[in-house]
Amino acid sequence: MIAFLPQEYEEFRSKVRKFCENVLEKNAMRWDEEEEFPYDSLKAMAEEGILGLGIPEEYGGAGTNRLKLVIAIEEVARVDPNSAFIMEVESLFDATILLFGSEEQKKILKDVAQGKKIGTFALTEPTGGTDVAGIKSIAKKENDRYLLYGSKYFITNALVASYFVVFAKTAPELKGKGITAFLVEKGTENFRVGPKIHLTGFRGSAIAGLQYNGAPVKKENIIGKENEGIKVAMTVLERGRVNISALALGMLQRVYEESVKFANFRKSMENPIVNYQFIQNYLTDMLTDLEASRLMVYNTAMLIDRNMQVGMNAASTKLFVSEALMRHVKNGVEIMGGYGYTRGTVMERLARDAHNTTLSLGTSEAMRLVLSRYLRMQ
Ligand SMILES: Cc1cc2nc3c(=O)[nH]c(=O)nc-3n(C[C@H](O)[C@H](O)[C@H](O)COP(=O)(O)OP(=O)(O)OC[C@H]3O[C@@H](n4cnc5c(N)ncnc54)[C@H](O)[C@@H]3O)c2cc1C
């Protein structure tokens, strides 16, 4: 129980949980097994009002705050991490347009909120994701437009997207200070999407690379200001880290539930294994980290809702929750013995999915790098 969470939020959680258990649960394993993008999930989430939660009502969304958004991501992730990841990456796109986009650009959010169109956030390149200032993509100015040259990799939702936020250098000599964010539409000349990347987990993800060789983009499609793309990327990523932490939190909740259920039902030497102290240690540590993770995620979300600086909180939350998930999913597999290592069990899927949470939106090393900046006294 969370002392600072008003009743309204618990009611919201119950509503989302009911939807996830009734609508998503029955398909989640199949989407993973068949590597199928969950269009049905997206449609159902849009109808239920779970998509576009963070988009204000004036732009066609539900206009909820960050705390409700993270509760929704947590609940969806508990049942279908891949659908939650789609929401999470979509929210990076939404935040880019909402925080830095023009009024004209914000008009596209209505279709996004209704699940009719999908947007992506394309920063990582084949040569690296951690070194943002080192991206190789360039945008050459030609009269009142830019021509984009380069490529991206690991772009979630790319295969199904209508809109792409693409970061490229407009002033390569300025390194990180010469990056600009562009809004690129599907079908733009010389802009290619694919092929699909086959991941270890999150197998229903429509993740792919992008290649552009002279793709024309109008100057009106700059998001924010020219050469201020690094500010756009860092602001959006920093706040987005609480969303991926919520995803890890929902998965950790499921790891705990599956582990407790199995430990109570499985007998060894005539006793349910939950009676053995080795197993109890795994479960009590899971429960403790689960409680701590939830407090960190909700606190960071509330700081965002109060428009406060969250660099330190977002990085430490992501580091703690994603690494807790990695530790405990390993123990969850141990508790379930051979069943935890068998395809078709939720634990096996969670074990494959978990590692994405320490990688996306910055690796654990990158989080420690961010946090190390808070150690210096001047
Ligand atoms: C499932 C999935 C979905 C993704 N979706 C998207 C997306 O939608 N959009 C997008 O733009 N990107 C996306 N990414 C990319 C993700 O953000 C990158 O994988 C991540 O930032 C790491 O970049 P990299 O894989 O290129 O590793 P690298 O940056 O090459 O790093 C390799 C290793 O070196 C370490 N390292 C690098 N630099 C340092 C340093 N200075 N100090 C210490 N250690 C360092 C890293 O921590 C890592 O361990 C996705 C990735 C995955 C796995």
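Q: Which helices and strands each supply at least two residues of the shell around the ligand?
A: Keeping in mind that this is a predicted model, the elements that each give at least two shell residues are helix 4 (81-100), strand 1 (119-122), strand 3 (145-155), helix 11 (356-359) and helix 12 (364-372).

Q: And how many residues surround the ligand, and which are the closest?
A: The ligand is surrounded by 21 residues, and the closest are T124, T130, F154, T363 and E365. Sorted by class, that shell has twelve nonpolar residues, eight polar ones and one charged one.

Q: Why does the ligand lie between domain 2 and domain 3?
A: Residues of the shell come from both domain 2 (119-227) and domain 3 (230-372), so the ligand lies between them. The space that the ligand takes is also the largest pocket.

Q: Which polar atoms lie 2.8 Å from a nitrogen atom of the ligand?
A: One is a backbone N or O atom of F121, which lies 2.8 Å from a ligand nitrogen, and a polar side-chain atom of T156 also lies 2.8 Å from a nitrogen atom of the ligand. On its own the ligand has 970 Å² of accessible area, of which the protein covers 66%.

Q: What about an oxygen atom of the ligand?
A: For that one, a polar backbone atom of L123 is 2.9 Å away from a ligand oxygen.

Q: Switching to the backbone, is the peptide bond from G194 to P195 cis or trans?
A: That bond is cis, with omega near -5°, and P195 lies in strand 6 (residues 191-196). Most peptide bonds are trans.

Q: Where does N307 lie, and what is its phi?
A: N307 lies in the loop between helix 8 (277-305) and helix 9 (311-336), and N307 has a positive phi of about 60° although it is not a glycine.

Conventions
Residues numbered from 1 in each chain as written. Predicted model: local features only at pLDDT ≥ 70, side-chain atom pairs only at ≥ 80, totals over all residues. Heavy atoms only, no water. Near = heavy atom within 4 Å. Polar contact = N/O pair within 3.5 Å; in protein donor to acceptor, adjacent residues only side chain to side chain. Areas by Shrake-Rupley, 256 points an atom, 1.4 Å probe, with all protein chains shown as cover. 1 Å grid on protein atoms, 1.4 Å probe; cavity = no way out; pocket = protein on both sides within 12 Å on 5 of 7 lines; lining within 4 Å. Sits in = over half its atoms within 2 Å of the grid points. Helix = DSSP H or I, 4+ residues; strand = E, 2+ residues; numbered from the N terminus. Nonpolar A, V, L, I, M, F, W, Y, C, P; charged D, E, K, R; others polar. Domains from an automatic or database assignment.
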